[in-house]
Amino acid sequence: MKKKSLPEMRPKHIFFLLAGVCLILIIVSSVSSATGNVLRNGVSTILMPMQKGFNFVGSTIFGQAEELAELKSVQEENEALKEQVAELTEQNTRYQLQLAELEEYQELLELADQYPDYETVGAHIIGKNSDSWYTTFYVDKGANDGITEDMNVIADGGLVGIVTAVTDTTATITAIIDDNRNVGAMGLDSKDACIVSGDLTLYEEGKLTLSKMEKDADIEDGDKIVTSNTSDLYLPGILIGYADGLEVDSNNLTKSGYLIPVVDFSHLDTVLIITTTKEAWSEEED
């Protein structure tokens, strides 16, 4: 059995129905104030909860809208603060780099002051060999800056090595810790001759070989060892390191031991190149 469908309410029917209800209410209100009060009370009883509900919903929606607006404002402020923090961080990084570079230049100037007889030029290390230490490395100064082969290189207050190759804009430097390097040296105080030899295996212990000293040479542990006047490639008077573990050799004629370099060959960053060679310096002295 089919259910009967409700008759369709057209807009004009709804209009007439509402108009009729309003008319009845007007009539009732005019007939009796008591009846009107009853009616108003009844309407109020029905409408008041609805009004409270509408007010609650409205205030809730309004509150949420305010919270959303406030949240959006906070998010915008947060993004602005993030940008400011990023900008300040970048500025701080630049300042730190500039300060580090300034300190490096200051150290180079102080090092240059230790060797006032030699003219120098500062250079940054731009590459090195694959070893843990700077046995062979490259700097950002070359022939265009007056750099030539056999120029001595210093850093950390002492001898680093010698220029072994040059291009227009770069130079290759071989450090004294290289196995193939021997430096004519002497005790700073005694002037007794000795030889400093590179030894990469020994340098793992932070030492180089110190040898060819006469048995009675007045060089003791802790003495400063500098480049000697008789060295073929190295200018005289440059600090190399400190004598250590000296003992008389088995031939009972010479003694040998170790040298602790003054330069830290693991953390070089900038160096000074002395812009004269031993040969040119010797000619000037003559």
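## Basis of the model

Buried means under 20% relative accessible area, exposed means over 50%, and partly exposed lies in between (1.4 Å probe, protein chains only). This is a predicted model, in which local features need pLDDT of at least 70 and side-chain atom pairs count only at pLDDT 80 or more, while totals for chains, interfaces and linings use all residues. Residues are numbered from 1 along each chain as its sequence is written, and side-chain values use heavy atoms, with hydrogens and water left out.

Helices (H or I, at least four residues) and strands (E, at least two) are DSSP runs, numbered from the N terminus.

## A negative surface patch

Asp117, Glu119, Glu149, Asp150, Glu279, Glu283, Glu284 and Glu285 form a negative surface patch. Patches are made of residues with over 30% relative accessible area and no salt bridge; like charges are joined within 9 Å, and nonpolar side chains (Val, Leu, Ile, Met, Phe, Trp, Tyr) within 5 Å. Asp and Glu count as negative and Lys and Arg as positive, while His and the chain ends are not counted. The place of a charge is taken as CG of Asp, CD of Glu, NZ of Lys or CZ of Arg. Accessible areas come from the Shrake-Rupley method with a 1.4 Å probe, and for residues only the protein chains shown count as cover.

Aspartate 117 sits in the loop between α2 (33-114) and β1 (120-128). With a relative accessible area of 70%, aspartate 117 is exposed. Aspartate 150, also listed in the patch, lies in the loop between β2 (136-139) and β3 (151-155). Its relative accessible area is 32%, so aspartate 150 is partly exposed.

## Positive phi angles

Aspartate 150 is not a glycine, yet has a positive phi of about 75 degrees. Lysine 212 is not a glycine either, and its phi is positive at about 65 degrees. Lysine 212 is found in strand β8 and is exposed, with a relative accessible area of 62%.

## Salt bridges

Side chains of opposite charge can pair when their charged atoms come close. A salt bridge is a side-chain nitrogen of Lys or Arg within 4 Å of a carboxyl oxygen of Asp or Glu, and the count comes to two salt bridges. One joins lysine 141 and aspartate 140 at 3.8 Å, N to O. Lysine 141 counts as buried at 19% relative accessibility, whereas aspartate 140 counts as partly exposed at 29%.

Aspartate 244 forms a salt bridge with lysine 207, their closest N and O atoms being 3.6 Å apart. Aspartate 244 lies in strand β10 (residues 239-248) and lysine 207 in the loop between α3 and β8 (208-214), so the pair ties together parts that are 37 residues apart in sequence. Aspartate 244 is partly exposed, at a relative accessible area of 23%.

## Aromatic pairs

Rings of Phe, Tyr and Trp (its six-membered ring) pair if their centres lie within 6.5 Å; planes under 30 degrees apart count as stacked, over 60 as edge-to-face and the rest as tilted. The count comes to two aromatic pairs. The ring centres of tyrosine 134 and phenylalanine 137 are 5.7 Å apart and their planes stand at 80 degrees, so this pair is edge-to-face. Tyrosine 134 and phenylalanine 137 are both buried.

Tyrosine 203 and phenylalanine 265 have ring centres 5.8 Å apart and planes at 85 degrees, so this pair is edge-to-face. Tyrosine 203 lies in helix α3 (residues 200-203) and phenylalanine 265 in the loop between β11 (254-261) and β12 (270-277), so the pair ties together parts that are 62 residues apart in sequence. Both tyrosine 203 and phenylalanine 265 are buried.
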